[in-house]
Amino acid sequence: MESLEDRIARLERQVAYLQRHLGVDPSLIDAVPGGPALPPDFYQALQKGKTILAIKIYRQTTGASLLVAKNTVEAMQRRIALES
């Protein structure tokens, strides 16, 4: 039977593989309030500094208002800039 440590290690490898495959920067996932509920293209737009596209994707995904989406995306960008 697989030990808990082995299972966790296997799951971590799977998550890392999926992040690479989808082009998701793991550091951006922590910047999202509530976890990684946004599609990979959102993270790519955010990483490339495409603020308007990131806001658009955020609104489409969450149903947030323009103001909420703008404030959220800009806060995420500030957090990323501080971590860099």
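Guide: Before we start: a residue is called buried here when its relative accessible area is under 20%. This is a predicted model, by the way.

Visitor: Got it. What share of the protein chain's residues count as buried?

Guide: Of its 84 residues, 25% do.

Visitor: And how many helices and strands are there?

Guide: The chain has 5 helices and 0 strands, so along the sequence the pattern reads α-α-α-α-α.

Visitor: Which residues have the most contacts inside the largest nonpolar core?

Guide: Those are Leu-38, Phe-42, Leu-46, Ala-54, Tyr-58 and Val-73, in a core of 13 residues. Helix H3 (40-47), helix H4 (51-62) and H5 each give two or more residues to this core.

Visitor: Let's stay with H3. Which of its residues are buried?

Guide: Phe-42, Tyr-43, Ala-45 and Leu-46. Looking down the axis of H3, you'd find them within an arc of 160 degrees, so they line one face of the helix.

Visitor: Why would residues three or four places apart point the same way in an α-helix?

Guide: Because an α-helix has 3.6 residues a turn.

Visitor: What follows H3?

Guide: Gly-49 does, and its phi is positive, near 80 degrees.

Visitor: Switching topic: where is Thr-72, and is it buried or exposed?

Guide: Thr-72 sits in helix H5, which covers residues 66-83. Thr-72 is buried, because its relative accessible area of 16% is below the 20% cut-off.

Visitor: What lies 2.8 Å from a polar atom of its side chain?

Guide: The backbone oxygen of Val-68.

Visitor: Last one: how much accessible surface does the chain have?

Guide: About 5,900 Å², with 58% of that belonging to carbon and sulfur atoms.

Notes:
Residues are numbered from 1 along each chain as its sequence is written. This is a predicted model: local features need pLDDT of at least 70, side-chain atom pairs count only at pLDDT 80 or more; totals for chains, interfaces and linings use all residues. Side-chain values use heavy atoms; hydrogens and water are left out. Helices (H or I, at least four residues) and strands (E, at least two) are DSSP runs, numbered from the N terminus. Buried means under 20% relative accessible area, exposed over 50%, partly exposed in between (1.4 Å probe, protein chains only). A polar contact is a pair of N or O atoms within 3.5 Å; within protein, one must be able to donate a hydrogen and the other to accept it, and residues adjacent in sequence count only if both atoms are side-chain atoms. A nonpolar core is a set of buried Ala, Val, Leu, Ile, Met, Phe, Trp, Tyr and Cys residues joined through side-chain atoms within 4.5 Å. The arc is that of the directions from the helix axis to the C-beta atoms. Accessible areas come from the Shrake-Rupley method with a 1.4 Å probe; for residues, only the protein chains shown count as cover.
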